[in-house]
Protein chains: 2
Amino acid sequence: MDPHAALMWHGGQTAAAARLYPAAPRPWLDLSTGISPWAWPLPAVEPQAWQALPSRAALEQLEFAAARVFGMNDTEQIAAVPGSDIAIRLLARLLPADRVAILGQSYAGYRAAWPEARVLPFDKAGNADLMICANPNNPDGAVIEARKLQRLRNIRIVDEAFADAMPEVSMLPHRNGAIVLRSFGKFFGLAGVRLGFVVANKPVIRELRGLLGDWPISGPAIAIGTAAYCDRAWQGLQRHRLAQGSVRLAALLADHGLQDAGGTANFRLCHAPDAPGLFTHLCRAGILVRPFIDRPGQLRLGIPGTETDWTRLETALLSWSKRND
Amino acid sequence: MDPHAALMWHGGQTAAAARLYPAAPRPWLDLSTGISPWAWPLPAVEPQAWQALPSRAALEQLEFAAARVFGMNDTEQIAAVPGSDIAIRLLARLLPADRVAILGQSYAGYRAAWPEARVLPFDKAGNADLMICANPNNPDGAVIEARKLQRLRNIRIVDEAFADAMPEVSMLPHRNGAIVLRSFGKFFGLAGVRLGFVVANKPVIRELRGLLGDWPISGPAIAIGTAAYCDRAWQGLQRHRLAQGSVRLAALLADHGLQDAGGTANFRLCHAPDAPGLFTHLCRAGILVRPFIDRPGQLRLGIPGTETDWTRLETALLSWSKRND
């Protein structure tokens, strides 16, 4: 297998990159994911959260806190899950469908959950029994208007993994029967917590809870998630700096001849005349970005978190564009 | 609904108990679970474990460390899961079976996963397509010999949630095709971590991984689990004090007329001439034990963790036996 293949499946594989480019300067600057570089400041976790079985009441508080952020009042239509990736896999089991459409080139996990699905544009997907899309899309940031998604009658799974920093994109609270996925880790910069949410009609929530059992979320994840969703001031700050960082990144890339191909507040996608060459060049500088097997002329970059990281990226881009002048 | 019903479904419901017995002294002494009262001493968790997506390599290290403790060499036959309760639910989906047998009165989660199952003794379960048992059984500690389980040909799920403190009971590494579940939280006293393992043939492991997605376990759970399974000295100490505690608890209960009805190193089950009366009496003393809807004459007690807790239990039992003299 091409040793680069692992780097094309998911982001975050700095260990694999370090094996491929052993001479690259350490530590690696990981811009290969859409996870915010600024983590919500973790409080000390009470020993009790690790030791005891998480209580149903604590789980309900987490779901209530998240629902409020999503603009919902009804906590009977939301279920916390240990990561939205697992939710995608479980929904594929719970919702049998003959004709499945994935909207556009999108998150690799959809193909893993529905290997038989067809990749279709929005206006061709109306006849599918089930359609799944990321909104905004990952990696190109394409947005489907909420009212278009509301109008359809098929089973719709709308993955709003990157909507926390762009809440105007979200369908919530007006799902009109769609199943909406939300992700905790990307916006709060805490992907290791493994926390996400499924918002759906009660029968789906009930079946999902049946599959997840009585303690789906770890005690620390419940405590951290509840406190983070209640911290509205920090969420405002985070939205602001992600939006700014995304604009700055698009401009930096364009300055070096890498035309913007879309993105979200969490990442930018760019056209690169020689994307594999640039990927290798950045790896040699210890900077991991995200190539895509089905988008050979593009690269996705997350937002650098510090001025040092911005400078490191800029320096590497400068030496690349000079080499190619 | 009977407000006591919640206390009969799972242990650990001290908040529900406190609402039912508001005058009980605080803090509650929770003896209603089989979770060890002594927790493996938690190290500081690196911020990176919370922030980054857990790597596949780290997950494999966790599975390797656990497999070694279970006496296995082959990590292709083990999958870490976010709690064995969720594994039970997922296996019920993955393994369609017409005739399902639950061996004896056992863990409530089996009934939730297979509502249509029949409760049968071991020698009547040979014709079931799928049988599930806890070994040792919860709550009566009944043990089925490994060679009897090895001999059967039907799909067998053997839940060894309480085998860490009694490794001589485990089938592992000689499963002979059975699916074996292990639990992290009960032995290590860290149930809030949500970590367990499924040991099975490769096709089942592959399907299970497909359902769990690419990041089934949180970063901190991977770090904590790996370090705890490598800490053999602590495991020896834990096995010793659990075994001692269990013997001491059985003797204390017998001293107060509560005849032993079995148990494991993590808990004892006892006959109580007036179990509902004793349950209420203990609740009024702020001590929560575990009643069972299908065992009205019995109560299960976990091991007290400190001399203060032993004294508190002894005092409450003394006043109960005096009242009933």
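**Exercise 1.** In this predicted model, identify the buried residues of α5(B).

*Solution.* The criterion comes first: a residue counts as buried when its relative accessible area is under 20%. In α5(B), this applies to B:Ser84, B:Asp85, B:Ile86, B:Ala87, B:Ile88, B:Arg89, B:Leu90, B:Leu91, B:Ala92 and B:Leu94. The helix spans residues 84-94 of chain B, and ten of its eleven residues are buried, which leaves α5 mostly covered.

**Exercise 2.** State how many cavities of 30 Å³ or more the whole structure holds, and describe the lining of the largest cavity.

*Solution.* Step one: the search of the whole structure gives two such cavities. Step two: the largest cavity holds about 440 Å³ of space. Step three: it is lined by 33 residues, of which A:Trp215, B:Tyr107, B:Asn138, B:Phe162 and B:Lys186 are the closest to its centre. Step four: the elements of chain B that contribute two or more residues to this lining are α5, α6 (108-113), α8 (185-188) and β12 (290-292). The helix of the first exercise, α5(B), supplies the largest share, three residues.

**Exercise 3.** Describe the second largest cavity by its volume and its lining.

*Solution.* The space in the second largest cavity is about 100 Å³. Its lining has 14 residues, and the closest to the centre are A:Pro82, A:Ser218, B:Pro82, B:Val193 and B:Ser218.

Note on methods: Residues are numbered from 1 along each chain as its sequence is written. Chains are lettered from A and ligands numbered from 1 in the order in which they are written. This is a predicted model: local features need pLDDT of at least 70, side-chain atom pairs count only at pLDDT 80 or more; totals for chains, interfaces and linings use all residues. Side-chain values use heavy atoms; hydrogens and water are left out. Buried means under 20% relative accessible area, exposed over 50%, partly exposed in between (1.4 Å probe, protein chains only). Helices (H or I, at least four residues) and strands (E, at least two) are DSSP runs, numbered from the N terminus. On a 1 Å grid over the protein atoms alone, a cavity is a set of points where a 1.4 Å probe fits but cannot get out, and a pocket is an open set with protein on both sides within 12 Å along at least five of seven lines; lining residues have an atom within 4 Å of a point. Grid points are joined across faces, edges and corners, and a volume is the space filled by probe spheres set on the points.
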